[in-house]
Amino acid sequence: MTGDITVISGPTAVGKGTLVTELRNRYPEVYVSISATTRSPRPGEIDKVHYYFIDDAAFDRLIAEDGLLEWAEVHGNTRYGTPREPVLQAVAHGKRVILEIDLQGARQVREKLPEAKSIFVLPPDLDALMERLTRRGTETPEQIERRLSTASYELAHKNEFDHIVVNDDLGQAVDELVRLIGL
Ligand code: 5GP
């Protein structure tokens, strides 16, 4: 049953969000988990659509009541986690479920649900990653620095994943995801 869960990870600004959005446009029946996070919304991000934007106390409560399938502190000071119930319900209803989470979260899911598939999205090259992150313009220089250091750590562990997809051409990368997820 947990074979229906696919974890998608990859370094910051690699375009995971765009890939998943495109995948959902093609396959609206796929359930994409909405994470909880303690970070503030970026311009254009909507609460309960892109994330559940919550404060530290609410995140603590979620942990205390065992409401998260996995959670991690990413980029040093921000917590992100996958609400457990909606994911288990989607799986129980026979849906394909996608979790777009970081390396630490991917490790926790692998431990708890060994049948889940995992996919790591690679940038065509590191310069492209740096350029995207800088161009996005939503992070301060310190935040960019921190995200790049997380990225190099994550890149060094890409072989922990079942599959690797290079996000060079969006259409091709989505085709590849579709094939790997088995849609
Ligand atoms: P961003 O702040 O750019 O939206 O996301 C930062 C990082 O947090 C990304 O690597 C993303 O995959 C990860 N992330 C988002 N949601 C979750 C989650 O629920 N759990 C974990 N472990 N990581 C998450």
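I take a polar contact to be a pair of N or O atoms within 3.5 Å. I keep in mind that this is a predicted model.

An N or O atom in the Asp-102 side chain is 2.8 Å from a nitrogen atom of the ligand. For Glu-70, I found 2.7 Å between a side-chain N or O atom and a nitrogen atom of the ligand. Lys-16 has a polar side-chain atom 3.2 Å from an oxygen atom of the ligand. I then asked how much of the ligand's accessible area the protein covers. On its own the ligand has 510 Å² of accessible area, and the protein covers 94% of that.

I checked where the ligand sits, and the place is the largest pocket. Strand S5 (68–74) and strand S6 (78–83) are the elements that give two or more residues to the shell around the ligand. I noted 17 residues around the ligand, and those that come nearest are Ser-35, Tyr-51, Glu-70, Tyr-80 and Glu-100. Sorted by class, the shell holds 7 charged, 5 polar and 5 nonpolar residues.

My search of the whole structure gave 16 salt bridges. I looked at two of them in detail.

Arg-84 pairs with Asp-66, and their closest N and O atoms are 3.1 Å apart. Arg-84 belongs to helix H3 (residues 84–92) and Asp-66 to the loop between helix H2 (56–64) and S5, so this pair ties together parts 18 residues apart in sequence.

Arg-110 and Glu-160 meet through their side chains at 3.4 Å, N to O. I placed Arg-110 in helix H4 (residues 103–112) and Glu-160 in the loop between helix H6 (141–156) and strand S9 (163–166), so the parts tied together here are 50 residues apart in sequence.

Key: Residues are numbered from 1 along each chain as its sequence is written. This is a predicted model: local features need pLDDT of at least 70, side-chain atom pairs count only at pLDDT 80 or more; totals for chains, interfaces and linings use all residues. Side-chain values use heavy atoms; hydrogens and water are left out. A residue is near a molecule or strand if one of its heavy atoms lies within 4 Å of it. A polar contact is a pair of N or O atoms within 3.5 Å; within protein, one must be able to donate a hydrogen and the other to accept it, and residues adjacent in sequence count only if both atoms are side-chain atoms. Accessible areas come from the Shrake-Rupley method with a 1.4 Å probe; for residues, only the protein chains shown count as cover. On a 1 Å grid over the protein atoms alone, a cavity is a set of points where a 1.4 Å probe fits but cannot get out, and a pocket is an open set with protein on both sides within 12 Å along at least five of seven lines; lining residues have an atom within 4 Å of a point. A molecule sits in a cavity or pocket if more than half of its atoms lie within 2 Å of its grid points. Helices (H or I, at least four residues) and strands (E, at least two) are DSSP runs, numbered from the N terminus. Ala, Val, Leu, Ile, Met, Phe, Trp, Tyr, Cys and Pro count as nonpolar, Asp, Glu, Lys and Arg as charged, and the others, Gly among them, as polar. A salt bridge is a side-chain nitrogen of Lys or Arg within 4 Å of a carboxyl oxygen of Asp or Glu.
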